[in-house]
Amino acid sequence: MRFDVITLFPSMFSAIRDEGVVARGINKSLLSVHTWQLREFSENKHRNIDDKPYGGGAGMVMQVKPIRDCIEKIKQKIPDTRVIYLSPQGQKLTHQLAVDISNFNAVTLLCGRYEGVDERIIKHDVDMEVSIGDYVISGGELAAMVLIDSVSRQISGVLGNKESLNDSFCDGLLDYPHYTRPEEIDGQKVPEVLLSGHQANIDNWRKDKALKNTQIKRKDILKNQ
Ligand code: ADE
């Protein structure tokens, strides 16, 4: 899968390109992350890509032309790329949405800064608006990285054998509790069943704990099922 990112801060993406699950996916040639410096599509000598909002008010708005030109350039290379704009006004990123996006061949992630992009971009150039949660962060870059990470994990072969996809949300529940050595620390013991070697009992215990965990921590998930 190919990710193209339109951003004013391309170097931020080294955080996921150089280390961790996304980096490994890149090394295995299962995915690629390409950044596009939006300022290179500016048509003025100061390399500005924003201007004052019509109607007045604080902040600046990212202009149509540089963004549209950049998207067009990407589409010349990858005509079937889906354009996603990261914004707090978007559809909430969930496990299911990450799975759905992982089935696309390519996505272009548009990262806003300042007051965001001119509405005409959202209306005419963007296929999907995605939010990582009901709060505002200072730009789309961190949101794009969250999306790339969560989507990359769903691409077959990206996770190693040891990191299964058996995570929270994969079956609509939170994860079960995990323990490792030592068996006892400061009087706190690992549940007996996990030491029993009886796999069916362990599986049942885990299922039960996942359900209880979800009931206690995230009742809303159960209600949505
Ligand atoms: N940009 C600013 N806040 C955001 C959010 N919550 N999700 C996605 N992009 C954003």
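**Ground rules.** I work from a predicted model, where local features need pLDDT of at least 70, side-chain atom pairs count only at pLDDT 80 or more, and totals for chains, interfaces and linings use all residues. Residues are numbered from 1 along each chain as its sequence is written, and side-chain values use heavy atoms, with hydrogens and water left out.

**Domains.** I looked up the domain assignment, whose bounds come from an automatic or database source. It gives domain 1 (2–152) and domain 2 (166–223). Taken over C-alpha atoms, the centres of domain 1 and domain 2 are 37 Å apart.

**Salt bridges.** I counted a salt bridge where a side-chain nitrogen of Lys or Arg is within 4 Å of a carboxyl oxygen of Asp or Glu. The structure has 10 salt bridges. Side chains of opposite charge can pair when their charged atoms come close. For cover I called a residue buried under 20% relative accessible area, exposed over 50%, and partly exposed in between (1.4 Å probe, protein chains only).

I took Lys-65 and Glu-43 to begin with. Their side chains form a salt bridge at 3.5 Å, N to O. The pair links distant parts of the chain, 22 residues apart: Lys-65 sits in helix H3 (residues 64–77), Glu-43 in the loop between strand E2 (32–37) and strand E3 (50–51). Lys-65 is partly exposed at 43%. Glu-43 is exposed at 64%. I also found Glu-43, Lys-65 and Asp-69 linked in a network of salt bridges.

Next I checked Asp-134 and Lys-92, a salt bridge of 3.6 Å, N to O. This pair also links distant parts of the chain, 42 residues apart: Asp-134 is in the loop between strand E7 (128–131) and H6, Lys-92 in strand E5 (residues 82–92). Asp-134 is exposed at 66% relative accessibility. Lys-92 is partly exposed at 42%.

Then I turned to Glu-141 and Arg-113, whose closest N and O atoms are 2.9 Å apart in a salt bridge. Glu-141 lies in helix H6 and Arg-113 in the loop between strand E6 (106–111) and helix H5 (119–124), so the bridge ties together parts 28 residues apart in sequence. Are these two buried or exposed? Glu-141 is buried, with a relative accessible area of 0%. Arg-113 is buried too, at 17%.

**Helix H2.** I listed the buried residues of helix H2 (residues 20–27): Val-21, Val-22, Ala-23 and Gly-25. They pack against helix H1 (14–17), E2 and H6; I took contact as heavy atoms within 4.5 Å. Ile-26 is also in H2, but it is partly exposed at 24%. Leaving out residues up to four places away in sequence, Ile-26 touches Arg-17, Leu-31, Ser-32 and Val-33. Ile-26 and Met-1 are 25 residues apart in sequence and 9.6 Å apart in space, C-alpha to C-alpha. Just after H2, I noted a positive phi of about 60 degrees at Ser-29.

**Around His-178.** I found His-178 in the loop between H6 and strand E8 (184–185). His-178 is exposed at 54% relative accessibility. Its side chain makes a polar contact of 2.7 Å with the side chain of Asp-175. I counted a polar contact as a pair of N or O atoms within 3.5 Å; within protein, one must be able to donate a hydrogen and the other to accept it, and residues adjacent in sequence count only if both atoms are side-chain atoms. The His-178 side chain also reaches the backbone oxygen of Tyr-176 at 3.2 Å. Pro-182 lies in the loop between H6 and E8 as well. The peptide bond from Arg-181 to Pro-182 is cis, with omega near 5 degrees.

**Positive phi.** Tyr-114 is in the loop between E6 and H5. Asp-186 has a positive phi near 50 degrees. I placed Asp-186 in the loop between E8 and strand E9 (188–189), where Asp-186 is exposed at 72%.

Definitions and conventions. Helices (H or I, at least four residues) and strands (E, at least two) are DSSP runs, numbered from the N terminus.
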